[in-house]
Amino acid sequence: MNRNKVIINITIVAIILIILIPTVYNIIKTHNDRLIKVTEKRIEEAAKDCYLKDICKDNKITLKVLYDNKYLEKESNPITKEYYNEESYVLVKNNTYIFKEIKND
């Protein structure tokens with residue numbers, strides 16, 4: 001009888017872990033993806049603002065240009081907490097703005 005209780009308890013714990021671990025992983029991954037998306041959107045909107053006001057005339061707007069023109073405060077990756085490289089840029093193509101990160105060395 002005692003052995004059956006141990007096996008049942010181990011089985012219940014295993015089932016809970018099988019369900020819990022992937023769920024927690026997906027929640028954390030989704031949260032991190034959304035943090036990155038919000039940061040990139042903020043950068044893209046600053047570039048759009050600069051581009052539409054004809055201050056940034058190139059189709060490739062670097063973060064340095066946005067910082068220098070006061071469209072953006074220094075941005076960091078919300079997960080690693082490292083500042084984005086100033087050479088990272090926003091590419092303007094057909095009225096779409098896409099942020100491209102250049103990794104720090």
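Select Lys29 and Asp33 to begin: their side chains form a salt bridge, with N and O 3.3 Å apart. A salt bridge here is a side-chain nitrogen of Lys or Arg within 4 Å of a carboxyl oxygen of Asp or Glu. The model is predicted, so local features need pLDDT of at least 70 and side-chain atom pairs count only at pLDDT 80 or more, while totals for chains, interfaces and linings use all residues. Residues are numbered from 1 along each chain as its sequence is written, and side-chain values use heavy atoms, with hydrogens and water left out.

Stay on this pair and show helix 1 (residues 2–52), where Lys29 and Asp33 lie four residues apart, about one helical turn. Helices (H or I, at least four residues) and strands (E, at least two) are DSSP runs numbered from the N terminus. Lys29 is partly exposed at 40% relative accessibility, and Asp33 is partly exposed at 43%. Buried means under 20% relative accessible area, exposed over 50%, and partly exposed in between (1.4 Å probe, protein chains only).

Next, select Asp49 and Lys53. Their side chains meet in a salt bridge of 3.8 Å, N to O. Asp49 is partly exposed at 34%, whereas Lys53 is exposed at 52%.

Then go to helix 2 (residues 63–68) and select Lys64 and Asp68, which are four residues apart, about one helical turn. The closest N and O atoms of this salt bridge are 3.5 Å apart. Lys64 is partly exposed, with a relative accessible area of 35%; Asp68 is exposed, at 52%.

Finally, zoom out: a search of the whole structure finds six salt bridges.
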